[in-house]
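Me: I'd like a close look at one part of this protein. Please keep it brisk and stay with what the model shows.

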Amino acid sequence: MDAILLRKARNGFYLAWAPLCALLAALLAAVGGLDWQTAVPAALLLCLAYAFICRSSWYLCRALPPRRAGTAVSIASLLPAAAAASLLWAGTVTWLSGRLPEDWAQDLASQGPLLFGFGVLCYLLSSAYHHLVLAWLASRNAERREMDARLAAREAELRWLRAQLNPHFLLNSLHSISALAGSDPSGARRMCELLGGFLRASLELTDRATIFLSEELDLARDYLAIERVRFGGRLSFCETVGEDCLDWRLPPLLLQPLVENAVKHGVAKTTGSADVRLEVLREGVGLKVIIDNAVDGENAKGGRGGSGLANVRQRLLATYGEAASLVTAAAHGRHRVELWLPPATEVRRRDARFEEER
């Protein structure tokens with residue numbers, strides 16, 4: 001991107017010489033006494049040559065920027081350079097005047113002082129332009145570094161949040177296995193086998209930034225298979241998923257903590273059977289996920305928190321910003337979680353803002 005910006009700045013530098021060329025032609029006609037037929041082509045040729053000389057101020061401005069060398073030092077270095085460039089330009093014009101057609105030679109030979117003063121002015125203006133370009137580039141680079149740092153911090157936060165999921169789930173599963181070990185050894189062994197398969201599948205997917213909804217649903221089903229060993233017929237699961245939703249991309253293990261909460265705060269805290277319902281549908285440009293479960297007693301009087309929901313909320317904020325939403329509600333003996341996700345392309349477009357400018 002810097003190369004493109006530098007090329008635009010260079011083109012702008014040469015375009016800025018058009019009004020300077022017109023100013024020099026007017027000075028040669030008004031102050032120098034040249035007729036316009038001589039002043040205009042002479043100004044064009046002189047400015048074309050001097051523009052290349054003034055390009056040297058770029059290197060001086062880059063070597064001694066005011067913010068590092070100080071304003072006084074920067075100005076003190078530019079004034080001698082401007083005088084030297086102007087002397088070189090005026091002296092070259094005077095020397096060449098003897099080799100030009102006679103009418104041009106007489107006209108330009110006497111313009112040394114005017115060209116020197118104009119040359120100093122143009123060099124200083126070129127230096128000011130280059131300082132502005134360097135300040136603009138520094139600002140863009142600082143903004144880009146800030147964006148890169150923000151993205152890196154967000155990615156680090158997402159990795160940390162994803163790393164919390166498996167230990168959190170594993171702890172709950174180990175508690176379940178421990179509870180089954182004495183009363184149902186075969187069930188505990190079956191649960192260990194299912195847990196091993198679930199962890200292998202989840203490890204393969206959590207290395208990816210996003211996965212398909214179909215893959216996320218497979219993980220949720222694997223988790224529920226583990227919990228069915230513990231709860232048996234008390235746990236029932238019903239899912240309604242639109243066919244046009246299966247290829248939706250979302251962060252891995254985003255739904256699993258919500259399903260886990262539905263089991264932990266629903267089925268595990270009831271004495272009878274309880275069901276968990278999952279519904280996924282397209283709503284507007286986004287995806288809506290509803291996880292609804294039966295609750296009993298005091299659990300039906302309010303929402304539930306815990307590290308699972310907090311983790312999901314933090315991941316949504318880190319991934320989608322304020323675009324995604326997570327709402328919970330409890331009523332009529334059921335608890336409901338509604339999750340709305342924007343398209344993953346919107347997140348990539350926001351993160352790639354500087355890349356798109358290239």
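Is Ile-290 buried or exposed? Please take in the core and the packing of the helices as well.

Reply: A caution to begin with: this is a predicted model. Ile-290 is buried, because its relative accessibility is 6% and the cut-off for buried is under 20%.

Now its setting. Ile-290 sits in strand E5. Setting aside neighbours within four places in sequence, Ile-290 contacts Arg-277, Leu-278 and Glu-279, and also Arg-336, Val-337 and Glu-338. Trp-340 is 50 residues away from Ile-290 along the chain, yet their C-alpha atoms are separated by 8.8 Å.

Next, the core. The largest nonpolar core has 47 residues. Leu-213, Leu-316, Leu-339 and Leu-341 touch the most other members. Strand E5 (286-294) is one of the elements that each supply at least two residues of this core. Others among them are strand E4 (274-283), strand E7 (334-341) and helix H12 (306-320). Helix H10 (213-231) gives the largest share, nine residues. In soluble globular proteins, nonpolar side chains tend to be buried together.

Now the helices. H10 packs against H11 at an angle of about 25°, and their axes are 9 Å apart. H10 is therefore roughly parallel to H11. Their crossing is right-handed. From H10, the contact uses Glu-216, Ala-220, Tyr-223, Leu-224, Glu-227 and Phe-231. From H11, it uses Gln-256, Val-259, Glu-260 and Val-263. By class, six of the contact residues are nonpolar, one is polar and three are charged.

H11 itself is largely enclosed by the rest of the structure, because nine of its 10 residues are buried. The buried residues of H11 include Gln-256, Glu-260, Asn-261 and His-265. Pro-257, Leu-258, Val-259, Ala-262 and Val-263 are buried too.

One more buried residue deserves a look. Arg-55 lies in the loop between helix H3 (36-54) and helix H4 (57-63). Arg-55 counts as buried because its relative accessible area is 18%, and the cut-off is under 20%. Not counting residues up to four places away in sequence, Arg-55 touches Arg-10, Phe-13, Tyr-14 and His-130.

Conventions
Residues numbered from 1 in each chain as written. Predicted model: local features only at pLDDT ≥ 70, side-chain atom pairs only at ≥ 80, totals over all residues. Heavy atoms only, no water. Core = buried A, V, L, I, M, F, W, Y, C linked by side-chain atoms within 4.5 Å. Buried < 20%, exposed > 50% of the residue type's maximum accessible area, 1.4 Å probe, protein only. Helix = DSSP H or I, 4+ residues; strand = E, 2+ residues; numbered from the N terminus. Contact = heavy atoms within 4.5 Å. Axes fitted to C-alpha atoms, helices over the stretch in contact; angles between N-to-C directions. Parallel < 35°, antiparallel > 145°, perpendicular 65-115°, else oblique. Left-handed = near helix turned anticlockwise from the far one by under 90°. Nonpolar A, V, L, I, M, F, W, Y, C, P; charged D, E, K, R; others polar.
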